Amino acid sequence: MTNREPRWTDIALVFVLYYLGARMGVSFTTMPEGIAILWPPNAVVLAACLLFGWRRYPAVAVAALSAEVAADLPTFPLVEALSFGLVNLGEATLAASLLRRLRFNVRFQCLADVPKFLMGGPLLGSLAAAIPGAWIYVQFRGGETPYLEFMRIWW
């Protein structure tokens, strides 16, 4: 882990990259039910947590949530945008916590880092976020798609 002290420009970059990734996800990968099938912004928060540790985490969280709301508002009401933002932030935070616990090296210096990354991010982090994320979709979007289908898509 590098864990260098983040500068305010790093936090601004988190906002910009998260916003651009969210706009891309909402604009180009959204299903008719409203769920994006590709969500690059979580990688931005995960990278920030892994690079900076927990220093200035509140600033990273505020930047990410603000960018999510700004990107989602043309498509979703404020309550939904905030809900999705909190779930996405939780996913990246959980993944970073798991990776730190597994002593994952951000430079992938050995082959053992690959399964650690897969376990912490795509497997457990995404699954943990899919549970509340799918619930939010069912509550706000409902329709023909059942909860487990939303959960599978999110995951």
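**Briefing: salt bridges, a pocket and a surface patch**

Arg 56 sits in the loop between helix 2 and helix 3, with helices taken as DSSP runs (H or I, at least four residues) numbered from the N terminus. This is a predicted model, in which local features need pLDDT of at least 70 and side-chain atom pairs count only at pLDDT 80 or more, while totals for chains, interfaces and linings use all residues. Residues are numbered from 1 along each chain as its sequence is written, and side-chain values use heavy atoms, with hydrogens and water left out. Here is a short tour, starting with Arg 56.

- Arg 56 is not a glycine, yet it has a positive phi of about 60 degrees.
- Arg 56 counts as partly exposed because its relative accessibility is 38%; buried means under 20% relative accessible area, exposed over 50%, and partly exposed in between (1.4 Å probe, protein chains only).
- A salt bridge joins Arg 56 to Glu 5, with 3.9 Å between the closest N and O atoms; the term means a side-chain nitrogen of Lys or Arg within 4 Å of a carboxyl oxygen of Asp or Glu.
- Glu 5 belongs to the segment before helix 1 (8-28) and Arg 56 to the loop between helix 2 and helix 3, so this pair ties together parts that are 51 residues apart in sequence.
- Glu 5 is also partly exposed, at 40% relative accessibility.
- Arg 55 joins in as well: Glu 5, Arg 55 and Arg 56 are linked in a network of salt bridges.

**Other salt bridges**

- The structure holds five salt bridges.
- One of them brings together the side chains of Arg 7 and Asp 10, at 4.0 Å from N to O.
- Arg 7 is partly exposed with a relative accessible area of 48%, whereas Asp 10 is buried at 9%.
- Arg 7 lies in the segment before helix 1, and its C-alpha atom is 9.9 Å from that of Phe 52, 45 residues apart along the chain.
- Arg 152 and Glu 149 form another salt bridge, their closest N and O atoms being 2.4 Å apart.
- These two residues are about one helical turn apart because three residues separate their positions in helix 6.
- Arg 152 is exposed, with a relative accessible area of 52%, and Glu 149 is partly exposed at 29%.

**The largest pocket**

- The largest pocket has a volume of about 470 Å³. On a 1 Å grid over the protein atoms alone, a pocket is an open set of points with protein on both sides within 12 Å along at least five of seven lines, and lining residues have an atom within 4 Å of a point.
- Of the 27 lining residues, Trp 39, Asn 42, Asn 88, Glu 91 and Trp 154 are the closest to the pocket centre.
- Helix 2 (41-52), helix 3 (57-72), helix 4 (78-101), helix 5 (113-140) and helix 6 (147-154) each give two or more residues to the lining.
- By type, the lining divides into 18 nonpolar, six polar and three charged residues.

- Leu 13, Phe 15, Val 16, Leu 17 and Leu 20 form a nonpolar surface patch with about 420 Å² of accessible area together. Patch residues have over 30% relative accessible area and no salt bridge, and nonpolar side chains are joined within 5 Å.
- Leu 17, in helix 1, is partly exposed at 40% relative accessibility.
- Phe 108, in the loop between helix 4 and helix 5, has a positive phi near 45 degrees.
- Phe 108 is partly exposed, with a relative accessible area of 40%.

Terms used. 1 Å grid on protein atoms, 1.4 Å probe; cavity = no way out; pocket = protein on both sides within 12 Å on 5 of 7 lines; lining within 4 Å. Points joined across faces, edges and corners; volume = space filled by probe spheres on them. Nonpolar A, V, L, I, M, F, W, Y, C, P; charged D, E, K, R; others polar. Patch = residues over 30% accessible without salt bridge, like charges linked within 9 Å, V, L, I, M, F, W, Y side chains within 5 Å. Areas by Shrake-Rupley, 256 points an atom, 1.4 Å probe, with all protein chains shown as cover.
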